[in-house]
Amino acid sequence: SSQIINSLFIMLGLQQDDWITKQQQQEEKSLDHLSILVAEDDPTNRLVIRAILKNMNIQHEIVSNGKLALDSYSDEPDRFQMILMDCEMPELNGYDATLAIRQFEKDHGYKPIPIVALTAHVLDEFVERCIACGMNQVIAKPIHIHELTEAIIRLCDVDAALDLMEQ
């Protein structure tokens, strides 16, 4: 299984500096309390994201479009600490799904969940659109492990959560 994942990373052109270091592995042991909702329609990208999150010991649910992401989040808004949202998906794209999630949070008094855009479009106009609809950060595809790890740690306030768990 790990050989398949390693081969997949190599095929996708992930660089050597993307591999998880021992220090990152130690940090990731502390991420097992997180649950992340992933909205991604591409089967290969779903496989890569699943492998990364599994390697980081993060619980996750993967759905194939924005409508399913909205449904999953609105059914159990306290279940997830972050959403990874592809921008271009069928049925309901990531932009509109994010707008709907932000409206749901406003209507029901929930604190906004961190939403990270996953997109191949990194031109300023696409990044601005992501931020304008309520996404917190944009990560370009192909996904780099260290960039995703940093986003999770920063946006999920992992250090604060660890401090509470140690008390």
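**Before selecting anything**

This is a predicted model, in which local features need pLDDT of at least 70 and side-chain atom pairs count only at pLDDT 80 or more, while totals for chains, interfaces and linings use all residues. Residues are numbered from 1 along each chain as its sequence is written, and side-chain values use heavy atoms, with hydrogens and water left out.

**Stop 1: the whole chain**

Display the chain as a cartoon. It contains eight helices and five strands; helices (H or I, at least four residues) and strands (E, at least two) are DSSP runs, numbered from the N terminus. Along the sequence, their order is α-α-β-α-β-α-β-α-β-α-β-α-α.

Of the 167 residues, 43% count as buried. Buried means under 20% relative accessible area, exposed means over 50%, and partly exposed lies in between (1.4 Å probe, protein chains only). The chain exposes about 9000 Å², of which carbon and sulfur atoms supply 50%; such areas come from the Shrake-Rupley method with a 1.4 Å probe, and for residues only the protein chains shown count as cover.

A contact means heavy atoms within 4.5 Å. Among the contacts in the chain with a separation of 6 or more, 66% are between residues 24 or more positions apart.

**Stop 2: strand β3**

Select residues 82–86, which form strand β3. Is this strand enclosed or open? Five of its five residues are buried, so β3 is largely enclosed by the rest of the structure. Met82, Leu84 and Asp86 are buried on one side, and Ile83 and Met85 are buried on the other.

Two strands pair if DSSP finds at least two bridges between them. Val38 has Leu84 of β3 as its bridge partner.

**Stop 3**

Select Glu88, in the loop between β3 and α5. Glu88 counts as partly exposed, at 42% relative accessibility. Which residues does Glu88 touch, not counting residues up to four places away in sequence? They are Asp41, Tyr95 and His121. Glu88 and Asp41 are 47 residues apart along the chain, and their C-alpha atoms are separated by 8.2 Å.

Glu91 lies in the loop between β3 and α5. Glu91 is exposed, with a relative accessible area of 66%. Its phi is positive, about 70°, although Glu91 is not a glycine. Most residues other than glycine have a negative phi, and most peptide bonds are trans.

**Stop 4: aromatic rings**

Show the side chains of Tyr73, Phe104 and Tyr110, which form one aromatic cluster. Rings of Phe, Tyr and Trp (its six-membered ring) pair if their centres lie within 6.5 Å; planes under 30 degrees apart count as stacked, over 60 as edge-to-face and the rest as tilted.

A search of the whole structure finds two aromatic pairs. Tyr73 and Phe104 are edge-to-face, at 5.9 Å centre to centre and with 75° between the planes. This pair links distant parts of the chain, with Tyr73 in helix α4 (residues 66–75) and Phe104 in helix α5 (residues 94–108), 31 residues apart. Phe104 and Tyr110 have ring centres 5.8 Å apart and planes at 10°, so this pair is stacked.

Tyr73 is buried at 1% relative accessible area, Phe104 is buried at 14%, and Tyr110 is partly exposed at 30%.

**Stop 5: cysteines**

How many disulfides does a search of the whole structure find? It finds zero, a disulfide being a pair of cysteine sulfur atoms within 2.5 Å. For Cys130, the nearest cysteine sulfur is that of Cys87, 3.7 Å away. The sulfur of Cys133 is 5.9 Å from its closest cysteine sulfur, in Cys130, which is too far for a bond. Cys130 is buried at 0% relative accessibility, and Cys133 is buried at 7%.

**Stop 6: a cis peptide bond**

Finally, select Lys141 and Pro142, which are joined by a cis peptide bond with omega about 0°. Pro142 lies in the loop between β5 (137–140) and α7 (145–155).
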